[in-house]
Amino acid sequence: MPATCPCRALDEHKPSYAQCCQPFHLGCQDKTVLPETAEALMRSRYSAFVLLLEQYLLDTWHESTRPQDLQLDEELEWTGLEIIKTRSGGAQASRGVVEFAAHYGRGANAGSQHEVSTFVKEDGAWYYVDAL
Ligand SMILES: [Zn+2]
């Protein structure tokens, strides 16, 4: 288990995985612990990419756009998540838009995936829909 939560690797304040995304990963199946905001779901999905939690990614993917299955690239080394702008998706919202950059690799192999993601909340649970 990582000491620092993967989604906070670039932050000054680095909470542990147990204090950040792990409760969402553990509570997803029975929906006991849910991210309050679209950004929190975004963070937990990034951490799930890092930790290869394919089931969590599928469970938090809206059924309208969810792939049949997911093959994560185990070779890809994610190095941090940068939330560029949360346009919407607060605790009271039902739709969210979050712009982020997910960084990977080191040295000459480093790069980043820049995306504006959309989210929807149904029955109190946020889901990833797609990229704008
Ligand atoms: Zn986290």
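## Zinc site

In this predicted model, the site of the zinc ion is tetrahedral, with angles of 101 to 119° among its four donor atoms. In general, the ideal angle for four tetrahedral donors at a metal is 109.5 degrees. The zinc ion is coordinated by the SG atoms of Cys5, Cys7, Cys20 and Cys21, at 2.2 to 2.4 Å.

Along the chain, the donors of the zinc ion follow the spacing C-x1-C-x12-C-C. Cys7 and Cys20 each lie in the segment before helix H1 (22–27), so this pair ties together parts that are 13 residues apart in sequence. Both Cys7 and Cys20 are buried.

## Aromatic pairs and cluster

The count of aromatic pairs comes to five. One of them joins Phe49 and Trp78: the ring centres are 6.4 Å apart and the planes stand at 55°, so the pair is tilted, given that planes under 30 degrees apart count as stacked and those over 60 as edge-to-face. Phe49 belongs to helix H2 (residues 38–50) and Trp78 to strand S1 (residues 78–88), so the contact ties together parts that are 29 residues apart in sequence. Phe49 is partly exposed, with a relative accessible area of 28%, whereas Trp78, at 18% relative accessibility, counts as buried. Phe49 and Trp78 also form one aromatic cluster with Tyr46 and Tyr104.

A further aromatic pair, Trp61 with Tyr128, is edge-to-face, at 5.4 Å centre to centre and with 80° between the planes. Trp61 lies in the loop between helix H3 (54–59) and S1, and Tyr128 in strand S4 (residues 125–131), so the pair ties together parts that are 67 residues apart in sequence. Both residues, Trp61 and Tyr128, are buried. The ring of Trp61 has a charged neighbour as well: the charged end of Arg45 sits over this ring, 4.9 Å from its centre.

## Antiparallel strands and their hairpins

Strand S2 (residues 95–104) and strand S3 (residues 111–122) run antiparallel and are joined by 10 bridges. Within this pairing, Gly96 has Phe119 of S3 as its bridge partner. S2 and S3 form a hairpin with six residues between them, and Gly105 in the turn has a positive phi of about 70°.

S3 also pairs with S4 in the antiparallel sense, over six bridges. Here the bridge partner of Glu122 is Ala125 in S4. The hairpin of S3 and S4 has two residues between the strands, and Asp123 takes a positive phi near 50°.

Methods
Residues numbered from 1 in each chain as written. Predicted model: local features only at pLDDT ≥ 70, side-chain atom pairs only at ≥ 80, totals over all residues. Heavy atoms only, no water. Phe/Tyr/Trp six-rings, centres within 6.5 Å; stacked < 30°, edge-to-face > 60°. Helix = DSSP H or I, 4+ residues; strand = E, 2+ residues; numbered from the N terminus. Buried < 20%, exposed > 50% of the residue type's maximum accessible area, 1.4 Å probe, protein only. Lys NZ or Arg CZ within 6 Å of the ring centre and 35° of its normal. Donors = N, O, S within 2.8 Å, 3.2 Å for Na, K, Ca; no water. Tetrahedral: all angles 85-135°; square planar, octahedral: opposite > 155°, others 65-115°. Pairing = 2+ DSSP bridges.
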